[in-house]
Amino acid sequence: MVNKRWFQVLVFFILVFLLILLISETNFVFDPVIKYLGAVALPLIGAGILYYLTKPLMHLFERFRINRIVSIFLVFFVLILLGYLVWIYIAPIAQNQFKNLIDNIPKMVNWAQDMITYWQSNQTMIPEQVDTAISNFTDNLQSHIENVLNYLFGFIGQLISVIAALVLVPFFLFFMLKDGDRLVPFVTQIFSKKKAKNLRSLLGKIDDTLTAFIQGQLIVSFAVGVLLFIGYLIIRLDYSLTLALFAMVMNVIPFIGPFIAVVPALIVGAFQDPLMIVWVSIVMLVVQQFESNFISPNVMGRALDLHPLTVITVILAAGSIAGFVGILFAVPFYAVIKTIIVHFYKTYQKSKDTKEESLI
């Protein structure tokens, strides 16, 4: 029985749970490690995203027989140039539109209050509970706005600390580009030749999965933002650039991002012209259909092979566990875990057919 596969798997899981229990009982030992990982997590993740975006560009430079160090500096030059162009040509327009939007918020609030008051005065069949809830919301509207502003100021404070951590991103990125190819040989050197080959295959699949998600998701988000900007310009929606940039950022979140992105556009359209709600909805519908039927299949293909219902379930679960950060990283984390499990399962099946020792 000891040599049976199911018994070995059972023992493996028992040992894993015992290890987790032991770690939970001695968490004071791991607290410094967790704090250290928390301190470097943001620059490490930021540099990792840039690594997968800029790695093809570095390899392109190397094809022209350019030294790797020089290629990395050329990559940094391209990034700085793109940032400079955004700062010169896009940032001033977006900043001006955002300022005008903030300045018009009091007018929007007054308009909403007037509409609620008018609706209340012309309705005779409103349930008492609904009328009370509307009255309380209207009476406390100013405090709600203050709470939102306080949240925004707190968010700005957190943003400053995030920016301070992002200063380390270029240093992490430099060494990732320089020494990234050495990771796999370093990890596999302690294994036998056969297991090292199997592990290299697994790490290659994980690398392909992360590349497909990060590059694909950002390219899709950029394309959606550009298409929405064009659509907003056609229907002459106010603050079109700011709303398109917001949609571009939100579209990074799979599935629920587009729904979040359309809310500010609908609100702005409602204050501009009630008919604009219809036009904004049409633009969003056309762009999403174009993205789901043409852009995403051609950019991301079937590399991730994730069912939409599975993605929605994973996002909801991650959101309840880790909030916005969980939502943001749920899909790539799940894709990597799925890649590992599928690889080990196929390795196990192959070992049964060939009657050889598997990696697990």
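Visitor: Are Tyr51 and Tyr52 buried or exposed?

Guide: The model is a predicted one. In it, a residue counts as buried when its relative accessible area is under 20%. For Tyr51 and Tyr52 the class is the one below that cut-off, and it applies to both: buried.

Visitor: What is the geometry of the aromatic pair formed by Tyr51 and Tyr52?

Guide: The structure holds three aromatic pairs. In the pair of Tyr51 and Tyr52, the ring centres are 5.3 Å apart and the planes stand at 75°. Planes over 60 degrees apart fall in one named class, so the arrangement of Tyr51 and Tyr52 is edge-to-face.

Visitor: What is the angle between the ring planes of Phe174 and Phe175?

Guide: Phe174 and Phe175 also form an aromatic pair, with 5.3 Å from centre to centre. This pair is classed as edge-to-face, and the angle between its planes is 90°.

Visitor: Which residues form one aromatic cluster?

Guide: Phe174 and Phe175 are paired with each other. The cluster takes in a further residue, Phe73. Its members are Phe73, Phe174 and Phe175.

Visitor: How many salt bridges does a search of the whole structure find, and how far apart are the closest N and O atoms of Arg68 and Glu62?

Guide: Side chains of opposite charge can pair when their charged atoms come close. The search of the whole structure finds five salt bridges.

Visitor: How many residues apart in sequence are the parts tied together by Asp181 and Arg68?

Guide: Asp181 forms a salt bridge with Arg68, with 2.9 Å between the closest N and O atoms. Asp181 lies in the loop between α7 (169–179) and α8 (183–188), whereas Arg68 belongs to helix α3, so the pair ties together parts whose separation in sequence is 113 residues.

Visitor: In which helix does Leu82 lie, and what is its relative accessibility?

Guide: Leu82 is one of the residues of a nonpolar surface patch, which has about 1,000 Å² of accessible area together. Leu82 lies in helix α3 (residues 68–103). Leu82 counts as partly exposed because its relative accessibility is 48%.

Visitor: What distance does helix α9 reach from its first C-alpha to its last?

Guide: Helix α9 (residues 193–235) has 43 residues, and 63 Å would be expected at 1.5 Å a residue. After α9 comes Arg236, whose phi is positive, near 60°.

Visitor: What separates the C-alpha atoms of Phe255 and Ile315?

Guide: Phe255 lies in the loop between α10 (240–250) and α11 (257–272). Phe255 and Ile315 are 60 residues apart along the chain, and the separation of their C-alpha atoms is 8.9 Å.

Notes: Residues are numbered from 1 along each chain as its sequence is written. This is a predicted model: local features need pLDDT of at least 70, side-chain atom pairs count only at pLDDT 80 or more; totals for chains, interfaces and linings use all residues. Side-chain values use heavy atoms; hydrogens and water are left out. Helices (H or I, at least four residues) and strands (E, at least two) are DSSP runs, numbered from the N terminus. The expected span of a helix is 1.5 Å times one less than its number of residues. Patches are made of residues with over 30% relative accessible area and no salt bridge: like charges are joined within 9 Å, nonpolar side chains (Val, Leu, Ile, Met, Phe, Trp, Tyr) within 5 Å. Accessible areas come from the Shrake-Rupley method with a 1.4 Å probe; for residues, only the protein chains shown count as cover. A salt bridge is a side-chain nitrogen of Lys or Arg within 4 Å of a carboxyl oxygen of Asp or Glu. Buried means under 20% relative accessible area, exposed over 50%, partly exposed in between (1.4 Å probe, protein chains only). Rings of Phe, Tyr and Trp (its six-membered ring) pair if their centres lie within 6.5 Å; planes under 30 degrees apart count as stacked, over 60 as edge-to-face and the rest as tilted.
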